[in-house]
Amino acid sequence: MDRSRLYRIEAIVMHRSDVGEADRLLTVLARERGKLRLNAKGARKVGSRKSGHVELFVRSKMLIAKGRGDIDIVSQVETIDAYRGLREDLTRSTYAHYAVELIDAFAEEGSEQPELFDLLAEALKWIETTNNLPLTARYFELQLLTLAGFQPQVFFCAGKGEPLQEIAPDEFYGWSPASGGVLCPTHAADRSDSSRLSLNALKVLRHALRSDYTAFTALTLRETVLSEIEQVMLRYVQFVLERKVRSVEFLNLLRRENTL
Ligand SMILES: [Zn+2]
């Protein structure tokens, strides 16, 4: 084979589908090239040496051959991490789908995005091993938003930028994705899209942006605070993406069925 038609990548499989008799079409996030569509030819043949290495979420080293059309061909593949724990647990696998959907929304074709790749690799490991999936998801969302330049404002009022004053126990801050984050009670009253944000929830969001992963996910929070920060982050992420993330709906479906 002509060596000039080959290149190496480190990749994570984000989506896959079956094509033809035995091929598998992959969408991967490549550390060196962003989002990439590839054909793993023959991966579905019995005994194929590629098969286990091109499963969903698998992180691998790939040797790619340039194809004649738009889609390049996986020539060789070697697993770095299969994240087996994700496959054996429906809830973990659902969170992994969610992480991939969000990353996919920010990934670009043909541009090097090593930080995005590293965050996905790290997040899959967190989701595979954590005892605190909800806080892991919140931490991941904030890391991703920060990386993508959409970190929500939680330290100052997003209305006029003034420092936030302490509020009384029966008072609330505002949360306005369109304004970019938290609002003081005065500016919250001016915004029709503003929802309530408690002092406790605000403290948790601040903590997430100031702490490392281990310290943040070691927190023990009341169910009401957990669900509040889930809701505010969901509104924020949805605003940023300007569309519903399909796996969020899937998570809600699971929750309604009491499997979470
Ligand atoms: Zn204000």
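Predicted model: local features only at pLDDT ≥ 70, side-chain atom pairs only at ≥ 80, totals over all residues.

Me: Why are β7 and β8 said to stand at the edges of their sheet?

Reply: The open sheet has three strands in the order β7-β6-β8, with antiparallel pairing. Because β7 (181-183) and β8 (195-197) each have a single partner strand, one side of each is left without a neighbour in the sheet. From one strand to the next, the twist averages 45 degrees.

Me: Which strands does helix α6 touch?

Reply: Helix α6 (residues 199-210) packs on the sheet and touches β6, β7 and β8, its direction making about 75 degrees with that of β8. Helix α8 (residues 223-241) also packs on the sheet, touching β6, β7 and β8, and the direction of α8 makes about 135 degrees with that of β8. Angles run from 0 to 180 degrees between N-to-C directions, and axes are lines fitted to C-alpha atoms, for helices over the stretch in contact.

Me: Why is α3 called roughly antiparallel to α4?

Reply: The axes of helix α3 (residues 114-129) and helix α4 (residues 133-147) come within 11 Å and cross at roughly 175 degrees. That makes α3 roughly antiparallel to α4, because angles over 145 degrees count as roughly antiparallel (under 35 is roughly parallel, 65 to 115 roughly perpendicular and the rest oblique). Among the residues that meet are Leu116 and Trp126 in α3 and Phe140 and Leu144 in α4.

Me: How do you know whether Ile9 is buried or exposed?

Reply: Buried means under 20% relative accessible area, exposed over 50% and partly exposed in between, with a 1.4 Å probe and protein chains only. Ile9, whose place is in strand β1, has a relative accessible area of 3%, so Ile9 is buried. Leaving aside neighbours within four places in sequence, Ile9 is in contact (heavy atoms within 4.5 Å) with residues including Val28, Leu38 and Met62.

Me: What makes a set of residues a nonpolar core?

Reply: A nonpolar core is a set of buried Ala, Val, Leu, Ile, Met, Phe, Trp, Tyr and Cys residues joined through side-chain atoms within 4.5 Å. The largest one has 76 residues, and those with the most contacts inside it are Ile9, Leu38 and Met62. This core draws at least three residues from each of domain 1 (3-83) and domain 2 (130-256), whose bounds come from an automatic or database domain assignment. The C-alpha centres of the two domains lie 36 Å apart.

Me: Why is strand β4 described as largely enclosed?

Reply: Five of the seven residues of β4 (residues 59-65) are buried, so the rest of the structure largely encloses this strand. Strand β1 (residues 6-19) pairs with β4 in the antiparallel sense over seven bridges, and Ser60 is the bridge partner of Ala11. Seven bridges also join β4 to strand β5 (residues 72-81), running antiparallel, and these two form a hairpin with six residues between them.

Notes:
Residues numbered from 1 in each chain as written. Heavy atoms only, no water. Helix = DSSP H or I, 4+ residues; strand = E, 2+ residues; numbered from the N terminus. Pairing = 2+ DSSP bridges.
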